[in-house]
Amino acid sequence: MKRVVIFADEPDWHCSRLLAAFGRRHAAASIVSLRRCGFRLGGDGNGVLIPGFETGLPEVALVRNIPNGSFEQVTFRLSVLHALRELGIPVVNDARAIERCVDKSMTSFLLHKAGIPTPHTLVAEDTEAAASWRQAENSDVVAKPLFGAQGQGLTRIAPGEALPDAAAEPLRGVLYLQRYVGRERDWRDYRVFVVGDSAIAAMVRRGASWVTNVARGGVCEPVACTGRLAELAVAAAEAVGVGYCGVDLIEDGPRGLVVLEVNSMPAWQGLQGVAELDIADGIAAHVLEL
């Protein structure tokens, strides 16, 4: 029986679904917070401390979330994931992939490098460089926190309006600016769930405003997970090196679909409400194949 650790700070709906999915596939899965993990070095053993795995490491690890904390705490928790990978334990998603996706600037760079269409973007600490780029854009732009999720901290800026103060919260000294892509009404975008090399479920999110996240009131509707939508989502997942993810896309007029973000620790409760297949089971199947 394969032993699986699910790294999650607090058991939630997603954890319950994952435990059930692993159980149906005759795997022994347990939930552990990265807050309780660490290193013990200088003696026998592998050096990594994971409660419940004192006599041997899990065969595979699944990261549901990483607890918030200080820069030092988050770095340390990622180090535990890095260490497992160094010991040959498959980690989904591993620390490198999480780091790439949490940092929106690196996600955007890797998508650009892979030739995947994304909105025009400028990321800089230099306010003069940001202002110069802004003047060349004739449309609205959106300022986003470099680290952030669920549509929090977004600011839409019309032509002629001043850029936000980079030093203020939630930007913390970095201006991440993207050309606004979307409609003036009937706001909508897409979330595609990718596991391995397959897009397994998709939905359209319709918002009461231009911010369409489910956490901000967006309404989920099923959409066929085929064609260009699936193709771009899988390409985006490959570009950032994730084993599973949620990819956000939006229609950009004549350019067609563009990729906005890749979430390496996605929630899927809203998507599961409109999807036919069991998303947790798809994740479990992928993890147990590693």
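Select Arg77 first. Arg77 has 6% relative accessibility, so this residue counts as buried. Buried means under 20% relative accessible area, exposed means over 50%, and partly exposed lies in between (1.4 Å probe, protein chains only). Arg77 sits in helix 2, residues 71-86. Helices here are DSSP runs of H or I with at least four residues, strands are runs of E with at least two, and both are numbered from the N terminus.

You are looking at a predicted model, where local features need pLDDT of at least 70, side-chain atom pairs count only at pLDDT 80 or more, and totals for chains, interfaces and linings use all residues. Residues are numbered from 1 along each chain as its sequence is written, and side-chain values use heavy atoms, with hydrogens and water left out.

Arg77 and Arg205 are 128 residues apart along the chain, and their C-alpha atoms are separated by 33 Å.

**Along helix 2**

Move to Glu86, also placed in helix 2. Is Glu86 buried or exposed? Glu86 is exposed, with a relative accessible area of 67%.

**A nonpolar patch**

Select Phe39, Leu41 and Phe76. Together they make a nonpolar surface patch of about 300 Å². Patch residues have over 30% relative accessible area and no salt bridge; like charges are joined within 9 Å, and nonpolar side chains (Val, Leu, Ile, Met, Phe, Trp, Tyr) within 5 Å. Accessible areas come from the Shrake-Rupley method with a 1.4 Å probe, and for residues only the protein chains shown count as cover. Zoom in on Leu41. Leu41 lies in the loop between strand 3 (38-39) and strand 4 (48-49). Leu41 is exposed, at 69% relative accessible area.

**The second largest pocket**

Next, select Arg40, Asn46, Val48, Leu49 and Glu54. Of the 14 residues lining the second largest pocket, these lie nearest its centre. A pocket is an open set of points on a 1 Å grid over the protein atoms alone, where a 1.4 Å probe fits, with protein on both sides within 12 Å along at least five of seven lines; lining residues have an atom within 4 Å of a point. This pocket holds about 250 Å³ of space. The lining divides into five nonpolar, five polar and four charged residues.

**Salt bridges**

How many salt bridges are there? The count comes to 17. A salt bridge is a side-chain nitrogen of Lys or Arg within 4 Å of a carboxyl oxygen of Asp or Glu.

Select Asp278 and Arg17. Their side chains meet in a salt bridge, 3.8 Å from N to O. Asp278 lies in the loop between helix 7 (269-272) and helix 8 (279-289), and Arg17 in helix 1 (residues 13-24), so the pair ties together parts that are 261 residues apart in sequence. Asp278 is partly exposed at 25%, and Arg17 is partly exposed at 28%. Now widen the view: Arg17, Arg24, Arg25, Asp278 and Asp281 are linked in a network of salt bridges.

Go to Asp94 and Arg85. Their closest N and O atoms are 3.3 Å apart in a salt bridge. Asp94 is buried at 17%, whereas Arg85 is partly exposed at 49%.

Finish with Glu137 and Arg179. In this salt bridge the closest N and O atoms are 2.7 Å apart. Glu137 lies in the loop between helix 5 (127-136) and strand 8 (141-144), and Arg179 in strand 10 (residues 175-179), so the pair ties together parts 42 residues apart in sequence. Glu137 is buried at 8%, while Arg179 is partly exposed at 29%.

Note on methods: Points joined across faces, edges and corners; volume = space filled by probe spheres on them. Nonpolar A, V, L, I, M, F, W, Y, C, P; charged D, E, K, R; others polar.
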